[in-house]
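Here's a quick briefing on one chain, put together for someone who likes to think in contacts and angles. Have a look at the structure first, then we'll go through it topic by topic.

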Amino acid sequence: MLYQIVNGTVTAGGQIILSHIDFEIRGTEKIAVVGRNGAGKTTLLRLIAGEIEPDRDDRQTTPAISGSRRATVGLLRQSSRLDRDKTVEELLLEGCQEQDPFSRERFAYEMEYDRLFTGFGFSKEEKGRKLSSFSGGEQTKISLIRLLLMKPDILLLDEPTNHLDVQTMEWLEQYMKRYDKAVVMVSHDRFFLDQVVDVVYELQNGRLKRYPGNYTHYREQKRKDIALQRKAYERQQAEIQRLESLVEQFKNKPKKASFARSRKSILDRMERIQKPEEDDVHIFTGELEPLLPGSKWMVEAEHLKIGYDKVLLELSLRVRRGQKIGIIGDNGVGKSTFLKTVAGLIEPLDGKCTLGNRTLLGYFDQQSASLSSKKTLVEHFHDLFPSLTEKQVRQTLGAYLFRGKDGAKRVEDLSGGEKARLVLAELLTGRPNLLLLDEPTNHMDIPAKETYESAFQAYTGTILFISHDRYFIRQVADAILVFDGNSVMYYPFGYEHYLKRSRGEKGTELAAMIQAEDQAMLAGLKAVPKAERHFLGEISTETAYWDWRLRLAAEPMEAARERVEQLWQEWEEGERQRQEKELHAWGEKKSAGMEQETGTKSLQTEEVVMSVSALEEAWNRWTESCLEWYDVTEDIM
């Protein structure tokens, strides 16, 4: 065991921060610590780093903390404590034990140093700058680089993705996957945690609970645990009520007094199940359907030029009913301008953009959440939807995490995240069939984000949305629009699939990969004069789009079929060899030969079971891929 805490408690100012916690680090585990703000996550990191000690417990015979004596620990803080008067090169070379600049060790160290420095978005020329000349976020990056170069056995990271752009976060994810030491991190970036960690500890009410797997597995398991505990609690409460009723009914009857006492004894000995603390997240289980379905094509843009004083870019696009398209790209490339143009808030500079028939539009951006009203939430919401009863209003608000006393809050007193939640609740309750959303989850905490992820998954209408939250994009989007400079690329699969394709070849842009690999799709692109110098990876015709979808669905089906054929041939060959062995064994008359036959049959039986199992698994995969291909053909029909 690299590190272990057993029954550890930490108090501060008479308040219990960590209460009788158990925590362990095994080998090179990548561990996330999650919990609400103020739960004590940073306190736990400081405890592991040795900056604070657990409270003394005279009743505990063994030390609360144990582990390898040789293990080194490094802690990244949210604010840098490095010498600001030194240059970056001086600070980073401090961690190198080898002082000879021409030694092999020094060369390897500087190669790693350069890789990390450029990986975090710095240029090599910036090595000579003093730390004080960098911004606070850049200083935190440099602190992390210095810590990674030291390679401690236990790396402690407090919000490592703060101040990082998406490209740098993706680079750090890949680096942390290859990092051959243990890592314990606190982060609100759920996508980063999903990519990196294999264990999650939840800190709640001062207690720790360990969940194997990444962040998504932790959330799924926690919901299951809560559901199981709730059922067990409800069953026990029903049994308690039954026993108490029997005791009350028979306690004054002489002939039944002993029976009543036995029931009372059962009640007294019963170990009570605690009522589960309900998850803050609300999960929408049914469908959220628009008032009207809308037309087949909800948005059609043809040679649409967008911008204000000058053209930012030109694109052509068709959005099918029911699609949920995430829009990604750097700031300032025209994502918000595109949404505003589709919404009709600004005019296109050229080309056309039309909405389908019977389109009911809902639009959200950060200005939409600038509400100011002295009405309470219940009054405000009831005025917008007068057909709802007060009970229905409160139920609707509760589904979007405005529960209990929150209904009495004034709208003007809500925080920015709460106002955004309220506006989104209004939009979804209004049941439009097209939602245009610009950073809908900004300033929301994780429970609110996960609530809206659930709501948008349940929503059966069409969504075009901009977000920098990669986890949110992955959970909601079934297609991606990538804004990159003067070009826009349409990718008809989810975000994780897009990332895998974008990393598929070294130094190759995703658009170039599609050009090389998906000629069928590119053949359907609209002809664009070379002088315009813009590229759009959006399918120009429905036929080209579905040809591409069918081909992609057919690839795994064909691979699965080939696997079945291969295993079937191996099975037939194995059967032939087994029959030959059986004939040979049958011809043997000696006792040693009979013993050998018995052993051979045992071995053959095991081989047969393994072969049949592999063949059945391959056959099932082939069946699944055939059904997936069939689903695509059904969509075409």
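Set aside the neighbours within four places in sequence, and Lys375 is in contact with His380, Asp383, Lys409, Arg410 and Val411. Bear in mind that this is a predicted model. From that one lysine, the points below move on to a sheet, a helix pair and the chain as a whole.

**Around Lys375**
- Lys375 sits in a loop, with β14 (361-364) on one side and α10 (377-384) on the other.
- Is it buried, exposed or partly exposed? Lys375 counts as partly exposed because its relative accessibility is 36%, between the 20% and 50% cut-offs.
- One of its contacts is Lys409; the two lysines, Lys375 and Lys409, are 34 residues apart in sequence, yet their C-alpha atoms are 8.2 Å apart in space.

**A six-stranded sheet**
- Read across, this open sheet goes β5-β6-β7-β3-β8-β9, and its pairing is mixed.
- At the edges you'll find β5 (73-76) and β9 (207-212), each of which pairs on one side only.
- From one strand to the next, the twist averages 20°.
- Helix α1 (residues 41-49) packs on the sheet and touches β3 (30-34), β5, β6 (154-158), β7 (182-186), β8 and β9. The direction of α1 makes about 155° with that of β6.
- Strand β8 (residues 199-204) and β9 run antiparallel, joined by six bridges.
- In that pairing, Leu203 stands opposite Leu208 of β9.
- Helix α7 (residues 215-250) lies across β3, β8 and β9, and runs at about 115° to β9.

**Helix α3 against helix α4**
- Helix α3 (residues 104-119) packs with helix α4 (residues 136-150) at an angle of about 145°, and their axes are 10 Å apart.
- The crossing of α3 past α4 is right-handed.
- Which residues make the contact? On α3 they are Tyr109, Glu112, Tyr113, Leu116 and Phe117, while α4 brings Ile145, Leu148 and Leu149.
- Sorted by class, that contact between α3 and α4 has seven nonpolar residues, one charged and no polar ones.

**The whole chain**
- The chain holds 19 helices and 18 strands.
- It has 637 residues, and 46% of them count as buried.
- Take the contacts between residues at least 6 apart in sequence: 68% of them join residues at least 24 apart.
- Accessible surface comes to about 34500 Å² for the chain, with 49% belonging to carbon and sulfur atoms.

Terms used. Residues numbered from 1 in each chain as written. Predicted model: local features only at pLDDT ≥ 70, side-chain atom pairs only at ≥ 80, totals over all residues. Heavy atoms only, no water. Helix = DSSP H or I, 4+ residues; strand = E, 2+ residues; numbered from the N terminus. Buried < 20%, exposed > 50% of the residue type's maximum accessible area, 1.4 Å probe, protein only. Contact = heavy atoms within 4.5 Å. Areas by Shrake-Rupley, 256 points an atom, 1.4 Å probe, with all protein chains shown as cover. Axes fitted to C-alpha atoms, helices over the stretch in contact; angles between N-to-C directions. Left-handed = near helix turned anticlockwise from the far one by under 90°. Nonpolar A, V, L, I, M, F, W, Y, C, P; charged D, E, K, R; others polar. Pairing = 2+ DSSP bridges.
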